[in-house]
Amino acid sequence: MCLIKIENVSKSFKLYHNMYDKVKNMFSFNKSSIKLHNVLKNVSLNVDKGETVAILGMNGCGKTTLLRLISGISFPDSGNINRNGKITSILSLGSGFHPDFSGLDNIKFYASIMGLSKKEIKSKIEEIVSFAEIGDFVNYPIKTYSAGMKMRLAFSTAISVDPDILVIDEVLAVGDAYFKKKCLDRFKNFKEQGKTIIFASHSLGLVKQFCERAIILNEASIFFDGEVGQVDDYYKKLITKRTIN
Amino acid sequence: MEKGIIIKAFRVALFDLKARYHSSFFGYLWTFISPLTVLIVISLVFGQIIKIQIENFPVFVMVAYIPWTFYTSCVHNSAYCYQKRKAFIKNFQLSPLIFPLSVAFSGLIHFLLSIPIILIALAVFNINLSIHILWLPIIIVFQLIFLIGISFMISAVSFFIKDIQEMIALFVLVHFYITPIFYSADLIGRDYKDFYFMNPMACFVELYRFCFLGKTDLTYEHMAYAVISSIVFFLAGKAFLLKYYFRGVDRI
């Protein structure tokens, strides 16, 4: 079953130097003078149920933009995206908490915005706190937390929603090795339940250990889409190509 | 609108209210302190010094000023409601309506909490409530609909114009003087009256006066206008926000 179907999706951003540029462009007829930065150009791909897909590529190749489009946070200029199923996206972490409120209050708020009912939140709160391993701190304001604790709390809250599709950007960089391993175990758990995971990463090792399919983005389009075994070759090809240019 | 959106917006509103009072010294008392201060100033300046000849002038002003703060809080807060919740709109798939809606809701909660002040003032000045008070819920509902529409519009514009907050501050200042808050709408000449009441807030303020004090200058046309304009603002604001949100969300 096809969970995500992306057809001919393009996304570009307008580049302005400053406010004057923007206003000038608003009133000028010559729209071609606006500089467009194409992040994705006619990208098509399907993701089936139960797949674990890695998205690779150099900095600025459109990984995060693609993930945003998939999760419905940002919207394409042209093309279609069809989604079947509940999506949870973990794109950037730690922010969105109110510093003066306790972890517990923040979790409740976070979860309710993500669409959990009061009852569901109550049943999950213990799981969230124990996964984040912040112990007694959960009753203290967020401003007393370290960056890692905030990130762990945000991560475990986001993951508790129980989605059909999990979209993750490279967010595990903040956690320590132990928490990273715990997260990976959780992802594996997800995978065993037949759920779909899409994640962006720079770590080839992690990708090979974890995914069956990899997509490499380059210059606004898909450079490679296939078995994870071939990813090394294509990655090297991409790097040599970039070096020559 | 979906029920889920309204519930979420309500939760955000409650969270915002809690956050506002959580770390402040006077907390909930601010709901009373700031309008009371303005009221005292207006009553002194216009009631005692300039001597406007209106019976029970402080109450006359208060009945209009408190609904006015409901309006100003919505207008000011909707200008940065997305900026404030950037972490959420950049991370989760959410309806664009939630955050502007929450602004209107938190304004509403505030307003409902300050209605007792009006009632106390009426008692202090020995003014008896008339049967017209029964209109109050209906007026509040339509003002809320109107303000939700305004919040939708302003929050949509806030994506594209960063100095919207300064513009709004200026606009609200001008709007305050063209709304019958510290003067009576009687003062407006017959020729200009219809033009004057094209300002929906003028209609609402007069409606509140009618409700609490039982006298008004409004005709049925003005009342119908208030109702229709609130629905128009709501629908137009919603359409506007839904149209421009897709482009706007990338700019924040």
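Tutor: Helices (H or I, at least four residues) and strands (E, at least two) are DSSP runs, numbered from the N terminus. By that rule A:Ser112 lies in helix α3 of chain A. This is a predicted model: local features need pLDDT of at least 70, side-chain atom pairs count only at pLDDT 80 or more, and totals for chains, interfaces and linings use all residues. Residues are numbered from 1 along each chain as its sequence is written, chains are lettered from A and ligands numbered from 1 in the order in which they are written, and side-chain values use heavy atoms, with hydrogens and water left out.

Student: Why is A:Ser112 called buried?

Tutor: Buried means under 20% relative accessible area, exposed over 50%, partly exposed in between (1.4 Å probe, protein chains only). A:Ser112 has 4% relative accessibility, so A:Ser112 counts as buried.

Student: What is A:Ser112 in contact with, leaving aside neighbours within four places in sequence?

Tutor: Contact means heavy atoms within 4.5 Å. A:Ser112 is in contact with A:Ile121, B:Lys8 and B:Arg11, leaving aside its neighbours within four places in sequence.

Student: How many residues of chain A are in contact with chain B?

Tutor: On chain A there are 32, and they are in contact with 24 residues of chain B. The two chains bury about 2600 Å² between them, 61% of it on carbon and sulfur atoms. Buried area here is the accessible area (1.4 Å probe) that two parts lose on being put together, summed over both.

Student: Which three residues supply more than any others of the area that chain A buries against chain B?

Tutor: A:Phe101, A:Phe109 and A:Ile113, with 26% of that area.

Student: What makes A:Lys11 and B:Asp250 a salt bridge?

Tutor: The rule asks for a side-chain nitrogen of Lys or Arg within 4 Å of a carboxyl oxygen of Asp or Glu. For A:Lys11 and B:Asp250, the closest N and O atoms are 2.4 Å apart, so the pair meets the rule. Across the interface of chain A and chain B, one salt bridge is found.

Student: Which element gives the most to the side of chain A that touches chain B?

Tutor: α3(A), with six residues.

Student: Why does the pair A:Arg213 and A:Glu51 tie together parts that are apart in sequence?

Tutor: A:Arg213 and A:Glu51 form a salt bridge, with closest N and O atoms 3.1 Å apart. A:Arg213 lies in strand β8 (residues 213-218) of chain A and A:Glu51 in the loop between β2 (35-48) and β3 (52-57), so the pair ties together parts 162 residues apart in sequence.

Student: How do you know whether A:Arg213 and A:Glu51 are buried or exposed?

Tutor: A:Arg213 has a relative accessible area of 13%, so A:Arg213 is buried. At 18%, A:Glu51 counts as buried too. A:Glu51, A:Arg213 and A:Asp225 are linked in a network of salt bridges.

Student: What about A:Lys181 and A:Asp185?

Tutor: A:Lys181 forms a salt bridge with A:Asp185, the closest N and O atoms being 3.1 Å apart. The two are four residues apart in helix α6 (residues 177-192) of chain A, so about one helical turn separates them. A:Lys181 counts as exposed because its relative accessibility is 52%. A:Asp185, at 37%, is therefore partly exposed.

Student: Why is A:Lys118 called exposed?

Tutor: The relative accessibility of A:Lys118 is 66%, so A:Lys118 counts as exposed. A:Lys118 sits in helix α4 (residues 118-132) of chain A.
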